[in-house]
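User: I am new to this structure and would like to learn how to read some of its features. Please take me through them one at a time.

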Amino acid sequence: SRKGSSVQFTVLNVDLNKFKAINDSLGHEAGDAVLKHTASLLTRCLRSSDFVSRVGGDEFVVILQRTTKPEDVEQVIRNIHSFIEYNVLRWNGHRIWLTISVGYYSYIGKADPTAINDILSKADKSMYQEKRACEPAA
């Protein structure tokens, strides 16, 4: 959008849990199938105005347009968790159950292209806090 115009959106940082274990035990083809499956599920459980992109090995970024109220964002995140956990991937006779960690950061303000790295970094930090909270201490 035009610089200086007001925007509001939330960035979700979605990370697959135990992706390396899937790759190591079942191989890269299984890993690829898991990534495609996850991308498809994310796309299916979001609105057409939302945006999904894979940004790293097993990380996806979702942009929720015009959604910044914490209760709305948390409802979307709960929906994503349920949808991904419910839709087991059947691959070459294996059933692969997926879980994710999701962090987010909401931005309301002037459209400022220079702010995007900061916004992505904040969403990423939020996801890592969520991931640590979910993993049992070694």
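User: Let us begin with Cys45: how exposed is Cys45?

Analyst: Cys45 is partly exposed, with a relative accessible area of 24%. Buried means under 20% relative accessible area, exposed over 50%, and partly exposed in between, using a 1.4 Å probe and protein chains only. The model is predicted, so local features need pLDDT of at least 70 and side-chain atom pairs count only at pLDDT 80 or more, while totals for chains, interfaces and linings use all residues. Residues are numbered from 1 along each chain as its sequence is written, and side-chain values use heavy atoms, with hydrogens and water left out.

User: Where is Cys45 found, and which residues does Cys45 touch?

Analyst: Cys45 is in the loop between α2 and β2 (51–54). Helices (H or I, at least four residues) and strands (E, at least two) are DSSP runs, numbered from the N terminus. Contact means heavy atoms within 4.5 Å. Leaving aside residues up to four places away in sequence, Cys45 touches Ile80 and Phe83. Cys45 and Ile80 are 35 residues apart in sequence and 6.6 Å apart in space, C-alpha to C-alpha.

User: How is the packing of two helices described?

Analyst: Two packed helices are described by the angle between their axes and the distance between the axes. Axes are lines fitted to C-alpha atoms, for helices over the stretch in contact, and angles run from 0 to 180 degrees between N-to-C directions. Here α2 and α3 pack at an angle of about 135°, with their axes 10 Å apart. That makes α2 oblique to α3; angles under 35 degrees count as roughly parallel, over 145 as roughly antiparallel, 65 to 115 as roughly perpendicular and the rest as oblique. The contact is made by Thr38, Leu41, Leu42 and Arg44 of α2 and Ile80, Phe83 and Ile84 of α3.

User: At what angle do α1 and α2 pack?

Analyst: The angle between α1 and α2 is about 140°, and their axes are 6 Å apart. These two helices are therefore oblique to each other. Phe19, Ile22, Asn23 and Leu26 of α1 make the contact with His28, Ala30, Gly31, Val34 and Leu35 of α2.

User: Which residues of α1 are buried?

Analyst: In helix α1 (residues 19–26), the buried residues are Phe19, Ile22 and Asn23. Seen down the axis of α1, they fall within an arc of 95°, so they line one face of the helix. The arc is that of the directions from the helix axis to the C-beta atoms. The buried residues of α1 pack against β1 (6–16), α2 (28–44) and β5 (94–96). On the face turned away from the buried side, α1 carries the exposed residues Lys20, Asp24 and Ser25.

User: Is Thr68 buried or exposed?

Analyst: Thr68 is buried, with a relative accessible area of 13%. Its place is in the loop between β3 (59–65) and α3 (70–86). A polar contact is a pair of N or O atoms within 3.5 Å; within protein, one must be able to donate a hydrogen and the other to accept it, and residues adjacent in sequence count only if both atoms are side-chain atoms. The side chain of Thr68 makes one with the side chain of Gln8, at 3.1 Å.
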